[in-house]
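Here are some notes to read alongside the model.

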Amino acid sequence: MAQFYSPKRRVTTRQNSPVLTLTVDNLDPFGQGVAHHNGKAIFVPGVLPGEQAEVQLTEEKNKFAKGRLKRLLSRSPQRVEPRCPHFGVCGGCQQQHADESLQQQSKAAALVRMIARETGVTPQQEPVIAGPQYGYRRRARLGLLWQPKQQRLVMGFRQAASSDLVPVTQCPVLHPELEQLLTPLRSCLSALQVARRLGHVELVLADNGPVLVLRHLDALKEDDRQALQAFARTKNVTIYLAPDSDSLEKLCGETPYYQVDGLRLDFSPRDFIQVNDHVNQQMVAQALEWLSIQPNDRVLDLFCGMGNFTLPLARRAAAVVGIEGVATLVANGQYNAHNNRLNNASFFHENLEEDVEQQPWAAQGFDKVMLDPARAGAAGVMSHIVKLAPERVVYVSCNPTTLARDSKVLLSAGYRLARVRMLDMFPHTGHLESMALFINGSAPEVAAK
């Protein structure tokens, strides 16, 4: 299986390596410039296609090498000034120096190349599903570290290729409602008696306001609880306390929720929800269009989470069955189906990496299938999807490698890859998300819009 170069792989460091003058001809999905020298690909962070640079080799393997930019000799018209003052140190973003079109074109082209290489089918490039390039993240997890020598609390993100924290006072990719909490939140946490024993803090933006989850390693005293409640009142924040990885106590505020397709989905702040709301809304709408749900359809939603696709599908189909491996998500899906009066949606708590043939839902028949697996893909369930022989399958992917692998199962069974679209779910990062439509036999394709 072909793989992208990963900047985190360990490779041999070259000593006293020469400085090369290289011209970058491509951008990989991680935002690294790709040049070639003596038949070998050289990955150089910080250099864009068309730019010439002096590069010193730092790491080398048989088939590729990595270089460090020493001096930029020419400048691409697609180079932009990064908006974040922490860019290049914080490991969260890799591509703020490239403009929006270059980022999207590079990822979309990489997706098409991967699918074509692995399946023999070259999808037509379609418009990218995208939203705002900044202010899009509605979730973030920041590390907390007490520095005894400086007598201060550091709050920030991990440094690139390191476990060290980068103190952040700004994060332009965060939704503004969350970004404006960074400085006052650090001040609040620094003043707590338990400041030396904090683990991390999670920020989530629900439709009804910001949510904060504080991981604390020691029990909170009453003074600290009151300080947090005062912060919550001032900033209109809901606060949850997490004394360990399994426990969650709501200190104050409302139950968070978000809306999709006109439905309200209540969730726990530890539940998985899509980070980019703008792209999620478009993604759900595109899936509904591609599946072309009819009133008599029975639809299967695999890796369904708390019903992000399941419940919108249930508004249109005769019945929808959601399968999910996390019990709390299944419970929330059932709760939200009831609250939205969708009695035709049912959920099963099952591990889709085990023998699905023995699971209770597997004997049912379905006309359409929706799946949104994690990075590992859906290898354990692809053969059963083929047995179900649905008319249409929509596969949402966060890993083009496993999408290509799983696609081959459907293609071998006579399905055709009708549509592929790249999802710009995480601008400025190396994440490459996409969705694909597979149609069984001679069923008509959905016209492109």
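**Notes on helix packing, cores and a few residues**

1. Let's start with a helix pair: Ala379, Met382, Ser383, Ile385 and Val386 in H8 meet Arg405, Asp406, Val409 and Leu410 in H9. Contact here means heavy atoms within 4.5 Å. By class, this H8–H9 contact has 6 nonpolar, 1 polar and 2 charged residues. Ala, Val, Leu, Ile, Met, Phe, Trp, Tyr, Cys and Pro count as nonpolar, Asp, Glu, Lys and Arg as charged, and the others, Gly among them, as polar.

2. A word on where this comes from: this is a predicted model, in which local features need pLDDT of at least 70 and side-chain atom pairs count only at pLDDT 80 or more, while totals for chains, interfaces and linings use all residues. Residues are numbered from 1 along each chain as its sequence is written, and side-chain values use heavy atoms, with hydrogens and water left out. Helices (H or I, at least four residues) and strands (E, at least two) are DSSP runs, numbered from the N terminus.

3. Back to that pair. The axes of H8 (residues 379-388) and H9 (residues 400-412) come within 9 Å and cross at roughly 20°, which means H8 is roughly parallel to H9. Axes are lines fitted to C-alpha atoms, for helices over the stretch in contact, and angles run from 0 to 180 degrees between N-to-C directions. Angles under 35 degrees count as roughly parallel, over 145 as roughly antiparallel, 65 to 115 as roughly perpendicular and the rest as oblique. The H8–H9 crossing is right-handed; a crossing gets that name if the near helix is turned clockwise from the far one by less than a right angle, and is left-handed if anticlockwise.

4. H9 also packs against H1, at an angle of about 40° and with the axes 9 Å apart. That makes H1 oblique to H9, and H1 passes H9 in a right-handed crossing. On the H1 side you'll find Leu111, Met114, Ile115, Glu118 and Thr119, which meet Pro400, Thr401, Leu403, Ala404, Ser407, Lys408 and Leu411 in H9. Those residues divide into 7 nonpolar, 3 polar and 2 charged.

5. How do H3 and H4 pack? Helix H3 (residues 182-190) and helix H4 (residues 222-235) lie with their axes 10 Å apart, at an angle of about 165°, so H3 is roughly antiparallel to H4. Their crossing is right-handed. Pro184, Leu185, Cys188 and Leu189 in H3 meet Ala227, Leu228, Phe231 and Lys235 in H4, giving 7 nonpolar, no polar and 1 charged residue.

6. In soluble globular proteins, nonpolar side chains tend to be buried together. In this model the largest nonpolar core has 87 residues, and those with the most contacts inside it are Leu189, Leu212, Leu214, Leu228, Ile239, Leu313 and Met435. Helix H5 (residues 277-291) supplies the largest share of this core, 7 residues. Apart from it lies another core, of 32 residues, among them Phe366, Leu371, Tyr395 and Phe438. A nonpolar core is a set of buried Ala, Val, Leu, Ile, Met, Phe, Trp, Tyr and Cys residues joined through side-chain atoms within 4.5 Å; buried means under 20% relative accessible area, exposed over 50%, partly exposed in between (1.4 Å probe, protein chains only).

7. Leaving aside neighbours within four places in sequence, Ile239 is in contact with Leu212, Leu228, Phe231, Ala232, Glu249, Lys250, Leu251 and Cys252.

8. Which loop holds Ile129? Ile129 sits between H1 and E8, and counts as buried because its relative accessibility is 2%. Not counting residues up to four places away in sequence, Ile129 touches Val279, Gln282, Gln286, Arg421, Met422, Leu423, Asp424 and Met435. Gly120 is in the loop between helix H1 (100-119) and strand E8 (139-147), but at 65% relative accessibility Gly120 counts as exposed.

9. Two residues other than glycine have a positive phi. Asn236 has a phi of about 55° and is in the loop between H4 and strand E13 (238-242); at 61% relative accessibility, Asn236 counts as exposed. His428 has a phi near 75° and is found in the loop between strand E22 (415-423) and strand E23 (433-440); at 3%, His428 counts as buried.
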